[in-house]
Amino acid sequence: MQRIYVLRIGHRPERDKRVSTHVALTARAFGACGIYFDVEDPKLFESIEDVCSRWGKNNGFCEFFVEKRSWKSLLRNFDGLKVHLTMYGKPLTEKLDVIRAAKKVLVVVGAEKVPAEVYELSDLNVAIGNQPHSEVAALAVFLDRILNVTFSLEFRDAKIRVKPSEKGKCVVKSSEENKKGEEKL
Ligand code: SAM
């Protein structure tokens, strides 16, 4: 599986905590290896790490992380394909082959207007449709189309996991699952 990292630009701690948390959870749940923010926000990082500690971060391929990095230096130095998601870009459907062929991808999403340099430093400016919507929606569609692991991803170190059911909510602790597994044997 190729490695995809997310760069979230322009997070404003006082305004964007909820959306930025959703960007990070989407990155994790749809198969990205980690997320970079260009702003330090300890509360945001803690809430993402809290989800990772309960629901897991090791998907058998990589261990999901959250880290602070300067966007400019990351975009300048990243040793893979840099894809900026923007409604002004070329349709993702036209770029699927080149993106899928890359071993490492950095996918960039903004909060408000991103600096013009982001368009220049990125290898591709890609649109998920040319209408304005949301960084969460854009990232979800991008990861699902590229990695296609949304329905198969499992976190090996999860303490709790969902047991899919027709009605109601069923969450099991990993130790209970193990016990049931042993009983079956
Ligand atoms: N007005 C901002 C601009 O001109 O860039 C858009 C901000 S939008 C709320 C936040 C982020 O969502 C954007 O930076 C982009 O990464 C993503 N986004 C929104 N619509 C998109 C689309 N149609 N295709 C790809 N990404 C999109």
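Guide: Happy to. Let's begin with Leu44, which is buried, its relative accessible area being 0%. Keep in mind throughout that this is a predicted model. The cut-off for calling a residue buried is under 20% relative accessible area, so Leu44 at 0% falls within that class. Leu44 belongs to helix H2, which covers residues 42-55. Who are the partners of Leu44 in contact, once its neighbours within four places in sequence are left aside? They are His11, Lys17, Ser20, Thr21 and Phe37. Ile4 gives you a distance to check on screen: 40 residues away from Leu44 along the chain, Ile4 has its C-alpha atom 21 Å from that of Leu44.

For a contrast, turn to Asn148, in the loop between H6 and strand E7 (160-162). Asn148 has a relative accessibility of 60% and therefore counts as exposed, the cut-off for that being over 50%. Its backbone deserves a glance too: phi of Asn148 is near 55°, a positive value in a residue that is not glycine.

Now for the ligand. There are 16 residues around the ligand, and those that come nearest are Leu85, Ile128, Gly129, Gln131 and His133. Several backbone atoms can be picked out here. Leu85 places a backbone N or O atom 2.7 Å from an oxygen atom of the ligand. For Gly110, a backbone N or O atom is found 3.1 Å from a ligand oxygen atom. With Thr86, a backbone N or O atom lies 3.5 Å from a nitrogen atom of the ligand. On its own the ligand has 570 Å² of accessible area, and the protein covers 82% of that.

Which elements build this shell? Strand E4 (81-91), strand E6 (124-127) and helix H6 (135-147) each contribute at least two residues to the shell. The largest share, four residues, comes from E4. Sorted by class, the shell around the ligand contains nine nonpolar residues, six polar ones and one charged residue.

Finally, step back to the whole chain. Its domain assignment gives domain 1 as 3-154 and domain 2 as 159-185. Taken over C-alpha atoms, the centres of domain 1 and domain 2 are separated by 31 Å.

How values were computed. Residues numbered from 1 in each chain as written. Predicted model: local features only at pLDDT ≥ 70, side-chain atom pairs only at ≥ 80, totals over all residues. Heavy atoms only, no water. Near = heavy atom within 4 Å. Polar contact = N/O pair within 3.5 Å; in protein donor to acceptor, adjacent residues only side chain to side chain. Areas by Shrake-Rupley, 256 points an atom, 1.4 Å probe, with all protein chains shown as cover. Nonpolar A, V, L, I, M, F, W, Y, C, P; charged D, E, K, R; others polar. Buried < 20%, exposed > 50% of the residue type's maximum accessible area, 1.4 Å probe, protein only. Contact = heavy atoms within 4.5 Å. Domains from an automatic or database assignment.
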